[in-house]
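The sequence and structure are shown first.

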Amino acid sequence: MHQAASNAPAAALLVHAGYLWLILALPLFGVLFNLFLGKRAGKAAVSLVAPGVVGAAFVVACYAFVQLLSLPPGSALTQTLYPWIHAGNLAVNVAFRLDALSGTMVMIVTGVGFLIHVYSVGYMHEDERYSRYFTYLNLFTLAMLTLVLGDSLPLLFVGWEGVGVCSYLLIGFWFSETANAAAGKKAFVVNRIGDAGFLLAVFLLFWHMGGANGLRFDEIAAQVDQIPPHILTAVGLLFFVGAMGKSAQLPLYVWLPDAMAGPTPVSALIHAATMVTAGVYLIARMSFLYVLAPGALEVVAIVGALTALFAASIGLLQTDIKKVLAYSTVSQLGYMFLALGVGAFSAAIFHLMTHAFFKGLLFLGAGSVIHGMSGEQDMRKMGGLRTHMPVTFRTFFIGTIAIAGIPGFAGFFSKDLVLASAFAEGHIGLWFIGVLAAGMTAFYMFRLLFMTFYGECRADEKTKHHIHESPKTMTVPLVVLAILSIVGGYISLPMHLLWGDKLGEFLAPVLAAHGVHHLSIPLELALMATSVSVAASGIALAYLFYVARPELPGQLAEQAGALYKVVLNKYYVDEIYDAAIVRPTLYGSRMLWRWFDVAVIDAAVNGVAAFVAGNARVWRRVQTGNVQHYAASLLVGAAVVLAYYALL
Amino acid sequence: MNVVTVEWYLALGALLFTIGALGVMLRRNVIVMFMSIELMLNAVNLVFVALARHLHSVDGQVAVFFVMTVAAAEAAVGLAIIIAAFRNRETVNADELNWLRG
């Protein structure tokens, strides 16, 4: 099944690039400026510096990317800053590596990140903690760039944890509401479970690697074929546990829908476009290891496909505009893992990129809607916004057809490549699940579109009166992302049309080859027709339910009864976790507190103190303060000593 | 004819020491206790000198000088403490000078 799986990427040409540190230093400057001077410098200065540094980082990244393109395929720009940890066999440097994979990621992170920073200037303008918000957002950019640029697992892990902290800080940004703070905590705790898997994978890998090394990716790639396959499978699965946490896959996806408690641009940047794709990046980065652990890849594919279907089905019935998009994100991440699992690593990165465009766009569009609706997020109270917010509507429409898989838009190309790869590798079942999920995607996205922008406005009079199009700082990023959502897909054309799979060719040298099976053109066309017709029926159904016959969904819900209720309540997963994990843990902790902390540890400490105090109470009587008693005891003591020697 | 042998001196020393010790134990006036301590010290001095003569060694006499020096220093410090205590409590009764009771 796997033809000539080559382990290591082709011998790469490493070119020193002394300016790579700038890509990180610029956001770092933004963090320090916003943290220490932001409040004093005022909103105008923050609005200039915070997006400015990310934009400048994007310019440097473009420069590096152009230099990379001028080098032969498979090259990498590198820069070593300083030795970081040198202990025993471990020798880790702070060093960066910009190759095809990390270069693509850096372009997405700084490019989409810049647009979302600009958008935030408009969205957060009324917020009191304006400079603090941009401190966190710049810090996130810094951490995410560390994650993708780091040339070793330890440095990647620094970024991995950094983005986790920023995610926590930004989900709970409006922490005066308990629910928001709880959502941040949930994200943090669930991510820690994944991080434990990541760390164990790193330890296991280091343990089985011979000699001194710094856990650099090229070092691991060079040694990976000397490690026994079952260890590689374990390492692969543990890395995937880490990816499950960060990229919200079954069963650790539960934090992502709750993460919508944060400001909407944060949802767009962190919880859709960049951070949640870190798990996808990790597995693509370690692709040379995964091709030697087919068992682990199989698990990745199955979990990915199931997540895609499961999350899409929950998205069908959500009424909160951001929750729909959150479940959609989980579902789309599932597609990326499906692609990784079938060995189509470049397809996963392709979908990651187009998803960053259209999901960033959709979230920002949703933010614009919420902004115009005075904070309302319930789609049942929206409707008819088409005329009130024309720019938002048009861009949102483009985002919707892009994610739904309408031919000609970005999502179509990437999703089609993912599904075709799954089919080509013989995973017909997973392909079928993917097509089903694609139909659901089209349905829930058009349901969202129809409920929000079509029909009568269902808001109350006060809100209705206030509806307005968002300012330029918000609509311009929408337009740019909309353009990217249209053209972004043309970088990888199917069936060798024109320039063919350009992105795939570009990425190929840094990703492990995994026996790519090519489909015949009629078969590929047939697959394409299938997924497009499924998507079209999803759209038609949404049109029927929410525009043509709006009474239908209610009747159907009554007929479906129990099933409707289960899906509406998100399969009760949160409740099950609460009963199976959270409550037992809390109960166990409470018991340990009462019966171990209080009864054993506290009792031991207090016991020692009480023993000493009791003794002191007895023996203090010896100190009468009468000097003659002391003299007497002295005399008796002297007599005893004398008697002892006399009797000897 | 009774010859005064070294035993006489030792017996006298023991007697003086006992008187001194009993004085320290039994008298309540700290100044009297203080004098009793001096008596004990001098009893020891007497024994030192007697044995030095008996053993034809000057070691004992040297020790006596040390004892006398220490006794002088002790008298100075001790009397100063007693005066300070008296100023505070207007008493030299050992039973009442019990500030350090535990």
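## Overall dimensions of chain B

In this predicted model, chain B has a radius of gyration of 17 Å, whereas a compact globule of 102 residues would have one near 13 Å. Along the principal axes, the C-alpha atoms of chain B fill a box of roughly 55 × 25 × 25 Å.

Of the 102 residues in chain B, 16% are buried. Among the contacts in chain B with a separation of 6 or more, 46% are made by residues 24 or more positions apart.

## Helices of chain B

Chain B contains 3 helices and 0 strands, and its pattern along the sequence is α-α-α. Helix α2 of chain B covers residues 30-55, 26 residues in total. From its first C-alpha to its last, α2(B) reaches 37 Å, close to the 38 Å expected at 1.5 Å a residue.

Which residues of α2(B) are buried? They are V30(B), M33(B), F34(B), S36(B), M40(B), L41(B), A43(B), N45(B), V47(B) and F48(B). After α2(B) comes H56(B), with a positive phi near 55°.

In soluble globular proteins, nonpolar side chains tend to be buried together. The largest nonpolar core of this model has 217 residues, and I283(A), L338(A) and A348(A) touch the most other members. Helix α18 of chain A (residues 428-453) contributes the largest share of this core, 17 residues. Apart from this core lies another, of 12 residues, including M33(B), M40(B), A43(B) and F48(B). These four residues are also among the buried positions of α2(B).

Beyond its neighbours within four places in sequence, A348(A) is in contact with V280(A), A284(A), M336(A), A339(A) and L340(A).

Helix α23 of chain A (residues 552-560) is hardly covered: among its 9 residues, the count of buried residues is 0. G561(A) follows α23(A) and has a positive phi, near 55°.

The domain assignment of chain A gives domain 1 as 370-563 and domain 2 as 572-647. The C-alpha centres of domain 1 and domain 2 of chain A lie 69 Å apart.

Definitions and conventions: Residues numbered from 1 in each chain as written. Chains lettered and ligands numbered in written order. Predicted model: local features only at pLDDT ≥ 70, side-chain atom pairs only at ≥ 80, totals over all residues. Core = buried A, V, L, I, M, F, W, Y, C linked by C-beta atoms within 7 Å. Buried ≥ 20, exposed ≤ 12 C-beta atoms within 10 Å, placed from the backbone. Helix = DSSP H or I, 4+ residues; strand = E, 2+ residues; numbered from the N terminus. Contact = placed C-beta atoms within 7 Å. Domains from an automatic or database assignment. Rg over C-alpha atoms; globule rule 2.2 N^0.38 Å. Expected span 1.5 Å × (residues − 1).
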